[in-house]
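Open your viewer and get ready to select a few things in turn. We will walk from one stop to the next.

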Amino acid sequence: MTRLISDILDEPRPQLFHKIEKLERLSGKPGVDIRLTGELKLLFKEKARLLGLDENDTTAGELYFAMSQLALKHSDELAEVIGTKPDDTPRQMVNKAIRFVDKRIGKKSVWSLKDSSARRQLKLNPPKKLMKIFSIRSIDSALKRENVSVFYCYAPLSEPSSWFSKYAAQADKLSISDFDYKPVSISILSDIRRRQLDKAGIRLKHIIYAHQETAGIEIAVPDKRFKGDVLFVVDSILLQIKNIVRLAAFYKSQSLKPDFFTNISRIRSEGLDFMESGDSAIGWPAIVYGATELNIPDLLNDETVLGPEELLVPSLPQLAGFGFWQHPFGAYQESDIVVPFNLSDMIVNAINGTEPARAYKENARKNLKNELFARYLKHEPVRAIVMDIQPKKEK
């Protein structure tokens with residue numbers, strides 16, 4: 001395991017080294033991590049050259065600031081594409097962003113928890129503090145008027161840990177009939193609900209909230225416009241849709257296994273990233289990444305799983321033609337500075353004016369980890385182990 005990749009990922013080195021060592025042995029020592037490290041070094045020079053900088057005499061900080069400006073420039077260009085004007089209100093901007101996403105990728109249909117089942121769970125485990133904030137006396141009557149995603153997206157901001165424990169435990173009482181295909185829902189939080197949250201002292205730290213299991217996205221319209229907001233909102237919606245599709249595919253792939261509902265309980269408590277494939281140490285996110293981004297065949301070939309073309313959610317650089325950002329896994333470390341070549345990270349850094357040493361780089365890190373592990377899936381011995389996590393076809 002090379003030092004550059006381990007430093008960028010910032011994970012406990014012994015565990016990471018152990019995982020890569022096992023994958024290298026299993027796949028015949030192809031040196032995947034070494035090759036990827038070489039690519040990251042070349043990408044640093046390529047990005048500098050594309051920005052008109054000296055590829056042999058550019059610091060990480062200089063490249064970082066240049067990419068921040070490019071991200072803001074691309075937000076202005078995207079605003080023209082989707083028809084957003086400088087004097088549009090925040091709500092008008094968000095509505096245009098939603099229409100752009102709907103037009104470009106359509107309504108993604110995913111295998112998720114039925115609304116009726118989600119409502120039933122809320123009736124048995126109502127988010128009482130959120131209901132009080134929203135002046136709701138009866139959860140039954142509220143669910144006739146409100147999207148279930150409103151409660152699932154904003155309950156984490158108000159409810160105690162006991163509510164989450166009960167929510168996780170409710171998975172044990174689910175059945176396959178509680179799941180079905182439905183389109184991803186994108187809604188805007190009403191002004192009334194927003195004021196109620198503000199009055200209760202709940203400050204929304206994000207614009208986009210999502211509940212992956214019910215395939216619902218809620219958007220809290222910002223109070224005012226800001227430089228880079230168009231790109232940030234569109235990109236954030238796409239990222240949440242991708243997360244929803246990824247979880248839905250995992251649920252579908254595991255639905256015939258006896259421990260399916262136990263896994264749902266764990267995912268509700270811990271998230272999806274912990275799900276690994278036996279001894280291979282390759283998680284489900286890397287499997288989906290390999291099937292979609294790297295076009296590796298036979299990873300998702302079971303008839304119970306969506307095909308790669310249905311799992312693929314185009315990134316904003318792909319939709320908008322921003323070729324500079326075509327390497328979402330790209331990052332480079334120089335001294336204590338990690339420079340992400342990921343548009344989702346760089347627009348956040350540009351909007352907040354974040355200094356290089358404190359740069360947000362989580363999307364680049366996740367994609368780099370997935371890229372690294374997914375490349376091992378190109379090797380048959382690794383792929384054979386990974387396939388064991390999927391249901392077997394009946395003969």
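Which residue in strand 5 is the bridge partner of Ile-188? Select Ile-219: that is the partner. Strands here are DSSP runs of E of at least two residues, helices are runs of H or I of at least four, and both are numbered from the N terminus.

A word on the model: it is predicted, with local features needing pLDDT of at least 70 and side-chain atom pairs counting only at pLDDT 80 or more, while totals for chains, interfaces and linings use all residues. Residues are numbered from 1 along each chain as its sequence is written, and side-chain values use heavy atoms, with hydrogens and water left out.

Next, show strand 3 and strand 5 (residues 216-219), which pair in the parallel sense over 4 bridges; pairing takes at least two DSSP bridges between two strands. They belong to an open sheet of 3 strands, in the order 3-5-4 with mixed pairing. Its edges are strand 3 (185-188) and strand 4 (208-211).

Contact means heavy atoms within 4.5 Å.

Last stop: Arg-268, in helix 13 (residues 260-270). Arg-268 is buried, at a relative accessible area of 14% (buried is under 20%, exposed over 50%, partly exposed in between, with a 1.4 Å probe and protein chains only). Its contacts beyond four places in sequence include Tyr-167, Gln-170 and Glu-213.
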